[in-house]
Amino acid sequence: MSSMLVLSAYASARFPFVRAHWSRSSLLLPRLVGRRKGLPRNRRGKARIENCAVSAKNSKQPLAFSLTLGTQEFSGVQKILLCPNLSMFYDGRKKFARAIAVILIFTQISFPLHLSNWVPWFLFSANAVLYSPDTKVPRTGELALRKAIPANSNMKAIQDSLEDISYLLRIPQRKPYGTMESDVKKALKIATEEKDSILGNIPIELKEKGSVLYTTLLDGKGGLQNLIESIKVKDPDKVSIGLASSLDTVAELELLQAPGLSFLLPEQYMKYPRLTGRGTVEFTIEKVDGSTFFPSAGGEPKTTTTIQVVLDGYSAPLTSGNFAKLVIDGAYDGVKLKCASQAILSDNELENYGYSVPLEIIPSGQFEPLYKTTLNVQDGELPVLPLSVYGAVAMAHNIDSEEYSSPSQFFFYLYDKRNSGLGGLSFDEGQFSVFGYSVGGRDVLPQIKTGDIIRSAKLVQGQDRLVLPDGN
């Protein structure tokens, strides 16, 4: 008896893959085209599978299948062989197509465990890997910045318990308020029992501020006790507001616990400017064609708008340090902007400002950046500062080598889930040095057009965290 396995394929310049579906399970096969050997970005598109089949003539023979992709994304029609002893169902007549459909339905009914008995054969023959995208990748700049703070482990445990509630609030209809209450009580227990550890990690000069924030977290208007009361009345709006307030307090405490970098930079990179914490840059963007910006929160349309970007030196000290120095030097004042697919770039890639900083990315679960190395999202590698966030700010690649970032050209990333891959991740995830996020004014990013200019860029916070090499 033969069985069908339904496959879909997507061709991308960076992440071509084939995805196999069996009932409700998914299997991601190894990439079919090597990184950066695919097509130019303007030719990305979905691939059409012309022929695909799986056959297992008897239980003693290894599972075999083959696949033919017919698409303009690849040059011609390629036949990708995924295991030995291959068999192929060629395009047949309508009767044959109906027979295949009957076999598929029969097989799905006969194997309710989603190919659980076939997986060992399949993994061995095709060297495929199961892929489970991280559903808790930060989707806002604020959340990504909170998760990136290198704080005390007890504070991170409190934060994780509270962040779980934000996901539970997304559940429609009957929300699990009991689970939410348990999460808050867990956070409250840690905060109460680990007070000395939490406050002990704060520098002496900031102890007083830390004590005030600690008290606010426990018993303040937006503290954990009030959050429990909001959960008990089962008001999702009150819970959301109280949760946001508690998480803001947690982030403030964590920032007090992180006065500098939690790792040592490699000696060869000490020649670059570096930001040893957080900084805030305020951009003033101006329309030059006589049109205006329309703030979504109301107010009068204006020819200028303000965008605030938080730089994260904890995760990208070299990239954010170079950027902060450029801002102080006025390198972006008067620079034009240009719009591309899902990005707004500064139009200064040929200018010789700044340092050519190596690609700088911290993988999740690690404590220091990787340099000159991209991440393989298909293998489960995710960055601490993800690109897949609307309003993410990253450096473009150097025109000479993708192991380095551009000395000065940066871009705002306009994340769109509709143009994303598995798990809602951008196809360029893990390929650029992300160093911050837009936290104010990002609602006007879609209104920026090619030719608009950066009237001014100012470092309004964090100059005390900027370390410049000798001679700068």
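The legends below describe several close-up views of a predicted model.

Residues are numbered from 1 along each chain as its sequence is written. Because the model is predicted, local features need pLDDT of at least 70 and side-chain atom pairs count only at pLDDT 80 or more, while totals for chains, interfaces and linings use all residues, and side-chain values use heavy atoms, with hydrogens and water left out.

**View 1. The protein chain as a whole, with its helices and strands.**
The protein chain has ten helices and 20 strands, where helices (H or I, at least four residues) and strands (E, at least two) are DSSP runs numbered from the N terminus. Of its 472 residues, 51% count as buried, a class that means under 20% relative accessible area, against over 50% for exposed and the range in between for partly exposed (1.4 Å probe, protein chains only). Among the contacts in the protein chain with a separation of 6 or more, 70% come from residues 24 or more positions apart, contact meaning heavy atoms within 4.5 Å.

**View 2. Helix α4 against helix α9.**
Helix α4 (residues 153–168) and helix α9 (residues 236–257) pack at an angle of about 155°, and their axes lie 10 Å apart; axes are lines fitted to C-alpha atoms, for helices over the stretch in contact, and angles run from 0 to 180 degrees between N-to-C directions. The two helices are therefore roughly antiparallel to each other, on a scale in which angles under 35 degrees count as roughly parallel, over 145 as roughly antiparallel, 65 to 115 as roughly perpendicular and the rest as oblique. The crossing of α4 and α9 is left-handed, that is, the near helix is turned anticlockwise from the far one by less than a right angle. On the α4 side the contact includes Met155, Ile158, Leu162 and Ile165, and on the α9 side the residues include Val239, Leu243, Leu247, Val250 and Leu253. By class, the residues of this contact divide into nine nonpolar, four polar and three charged, with Ala, Val, Leu, Ile, Met, Phe, Trp, Tyr, Cys and Pro counted as nonpolar, Asp, Glu, Lys and Arg as charged, and the others, Gly among them, as polar.

**View 3. Helix α8 against helix α9.**
Helix α8 (residues 224–232) packs with α9 at an angle of about 165°, the axes being 9 Å apart, which makes α8 roughly antiparallel to α9. The crossing of α8 and α9 is left-handed. Leu224, Leu227, Ser230 and Ile231 of α8 make the contact with Lys238, Val239, Gly242, Leu243 and Ser246 of α9, and the classes represented in this contact are five nonpolar, three polar and one charged residues.

Eight strands form an open sheet in the order β12-β13-β17-β16-β18-β11-β10-β19, with antiparallel pairing; two strands pair if DSSP finds at least two bridges between them. At the edges stand β12 (337–340) and β19 (453–461), each with a single partner strand, so one side of each is left without a neighbour in the sheet. Neighbouring strands are turned by 30° against each other on average, direction ignored. Helix α10 (residues 317–328) packs on the sheet and touches β10 (278–286), β11 (304–312), β16, β17 (405–413), β18 and β19, while its direction makes about 115° with that of β19.

**View 4. Strand β16 and its two partners.**
Six of the six residues of β16 are buried. Four bridges join β16 (residues 392–397) to β18 (residues 433–440), the two strands running antiparallel; Ala394 stands opposite Val434 in β18, and the bridge partner of Ala392 in β18 is Tyr437.

Ser346, found in strand β13, is buried, with a relative accessible area of 0%. The C-alpha atoms of Ser346 and Phe411, 65 residues apart along the chain, are separated by 6.2 Å. Leaving aside its neighbours within four places in sequence, Ser346 is in contact with Val335, Lys336, Leu337, Ser408, Gln409 and Phe410. Gln342, in the loop between β12 and β13 (343–346), has a positive phi of about 65° although it is not a glycine, and Gln342 is buried at a relative accessible area of 17%. Lys372, in the loop between β15 (370–371) and β16, likewise has a positive phi, of about 60°, without being a glycine, but Lys372 counts as partly exposed at 34% relative accessibility.
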